[in-house]
Amino acid sequence: MTNPLLAEWHTPFGLAPFDRISDADFAPAFDEALAAHLSEIEAIADNPEAPSFANTIEAMEGAGEALDKVLSVFFSVAGADSNAARQALQREFSPKLAAHSSAIYSNAALFGRVRDLWAQRDTLGLTDEEARVLMLTHRGFVRAGAALTGAEAERMKEVKSRLAVLGTEFTQNLLKDEAEWVMPLTEEDLEGLPEFVVDGARSAGEAGGYDGPVITLSRSLIVPFLQFSPRRDLRETAWRAWTSRGENGGATDNRGIAAEVLQLREERAALLGYPDFASYKLETEMAGSPERVRELLMQVWQPARAAAMADQAQMEEMLREDGINDDFRAWDWRYYAEKRRRALHDLDEAELKPYLQLERMIEAAFTCANRLFGLEFRALDQPLYHPDCRAWEVTRNGEHLAVFIGDYFARASKRSGAWCSAMQSQAKRPVTKAPIVINVCNFAKPPKGKPALLSYDDARTLFHEFGHALHQMLSDVEFGSVSGTSVARDFVELPSQLYEHWLEVPEVLAEFATHAETGEAMPKALLDKVLAAATFDMGFQTVEYVASALVDLEFHSGKAADDPMAKQAQVLESIGMPSAITMRHATPHFAHVFAGDGYSSGYYSYMWSEVMDADAFAAFEEAGGAFDPETAAKLEEFILSKGGSVEAEELYTAFRGRMPGVEALLKGRGLAA
Ligand SMILES: [Zn+2]
């Protein structure tokens, strides 16, 4: 019998036949599909005909179809519905996939063809999108080190593998430091803590085999402890432990690793011909250069710092009122901020929840997409990988556009967080493919017969992930490698963060935020409270974030520092870091930057996207409203349909008529003067 993963899928819209696939099918299908892709690639590389766009670049775009199918099914279930067998398969597949990709990038004959085409690019008569895909393919090879030969190629291999080892060590040291520290609490120490923190401390104590409640370095326990504990001495102990993760001397100290990582990254960039690592990293980003990142961050820094210092002055008074005659310290911030929050915005999540029903919020997301882009959603009855998954056919003017799948409820087999992925990306060449897109979330599943209720954050997540889904579903490009969310990292959160704004449009909440029992719309006073609470303590949050982003950027600009801790101190001093705020992630536990390459000199990108989403939504407001049809048409034409087929800056400028300024972001964060 043919492996169902490799057979033709005679299913509606090309959905995987989940009901016919078993775990035993994955490994043989994976090996066969991997080998098939490799031989397709070798055939392209060894083609006796002279290289052309069609026989090289387009052929590469079309290669690996079986592998795409196998992986799209496997990664869907491995992330959202895992089990021991799937975890074992994942451990087996990931080194094989890494080796596969490196085999393709080090295929000299293949790179030779790509390089030849690149050299002749102006005489090939390429369309803009073909030229872009050629550029991206060539750049991908060069950045992977394909152009290096001899000793340099060897050294590149060593540098990469040493960096991989150091990244893993950094993470493991951090985990050890986090696991080892506990602070036992007596019954008196629990006084003043809310029930959920007390429960958390008790179950952490039980889980760790202690006699009573303990505080650990888990973010979900230590942050609320710092927020609620009236015991200043305990807050100081907890805060010191938390902020010195990776910096405790001995075998788990990450400072030496950070220094070596920075040196090796500098060497890697130099081997590839870049002046420094930030220039190498930012080449593929919308920001483009370290200077532009620095400029953005510094524009936000001053107003954020000013707001934080003003908040601190008020909290210093509260400290005095508590009879404490000491400077306001870092371990005081969250505690007094929480007191202030309660005084200013008495928002009760329990009061809010009945108004945020999952069903109504899905309807709200769909209705906004209908009003903005004319999309229609029709429920499909298709077997998927878990009974909680639901599918819809997405059409416009009666024509099929995409399939959208929602997998909303938390379960033990699902990893945490929320994400959007394409089981099939949109493409027209070499074959036409309509997108199949899935949103996965972790909302609490209600008891049988009760409606699922969301927190406000959950509702925002639902809109966020649906924004990513729109980027995939409205994609209208030729090639899969540049479709949908295949864009620069500092551009990819624009559609998702932008879509969150529609949740906050008063008419949307008025229509869809209806009480689960009474059906009544959310009262205006409650809505106002929700919106006001969103900007509370933003000075602090912006300062701790921007400080981390600046240190990350300076680490990778210019010559690598021999002593990263000294460099960190120097950067913080130069920007006037407030003494009562620390970096959100200090160097010895800055996993975004040192556990791997993902966010190195890229930690800024969250804010880069936020600048754009705030400015892009302002375009709707300036044009007359959140559903202004012309602005929506432009958003689709210039951003949502184009994927990565055009440079991000060009797309944004076409949509908005200019690049974004920071004004809308400052306003959105409540930091505008
Ligand atoms: Zn996102």
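Modeller: Let's start with Glu554: in this predicted model Glu554 is buried, because its relative accessible area is 17%, and the cut-off for buried is under 20%. Its charge has a partner, though: Glu554 makes a salt bridge with Arg294, with 2.7 Å between the closest N and O atoms. Glu554 belongs to helix α21 (residues 538–555) and Arg294 to helix α13 (residues 290–321), so this pair ties together parts of the chain that are 260 residues apart in sequence. Arg294 has a relative accessible area of 25%, so that side of the pair is partly exposed.

Next comes Asp322, which forms a salt bridge with Lys339; here the closest N and O atoms are 3.5 Å apart. Asp322 sits in the loop between α13 and α14 (330–344), while Lys339 is in helix α14, and the two are 17 residues apart. Both ends are partly exposed: Asp322 has a relative accessible area of 37%, and Lys339 has 27%. There's also a set of salt bridges that share partners, joining Asp23, Asp81, Arg86, Asp388, Asp407, Arg411, Lys414 and Lys445 into one network.

One more deserves a close look: Glu130 pairs with Arg429, the closest N and O atoms being 2.9 Å apart. Glu130 is in helix α6 and Arg429 in the loop between β6 (419–424) and β7 (436–443), so the bridge ties together parts 299 residues apart in sequence. Glu130 counts as buried, at 10% relative accessibility, whereas Arg429 is partly exposed at 23%.

Helix α6 has 16 residues (128–143); at 1.5 Å a residue they should span 22 Å, and the end C-alpha atoms are 22 Å apart, so the two values agree. Past the end of α6 you'll find Gly145, with a positive phi near 95°.

Notes:
Residues numbered from 1 in each chain as written. Predicted model: local features only at pLDDT ≥ 70, side-chain atom pairs only at ≥ 80, totals over all residues. Heavy atoms only, no water. Helix = DSSP H or I, 4+ residues; strand = E, 2+ residues; numbered from the N terminus. Expected span 1.5 Å × (residues − 1). Salt bridge = Lys/Arg side-chain N within 4 Å of Asp/Glu carboxyl O. Buried < 20%, exposed > 50% of the residue type's maximum accessible area, 1.4 Å probe, protein only.
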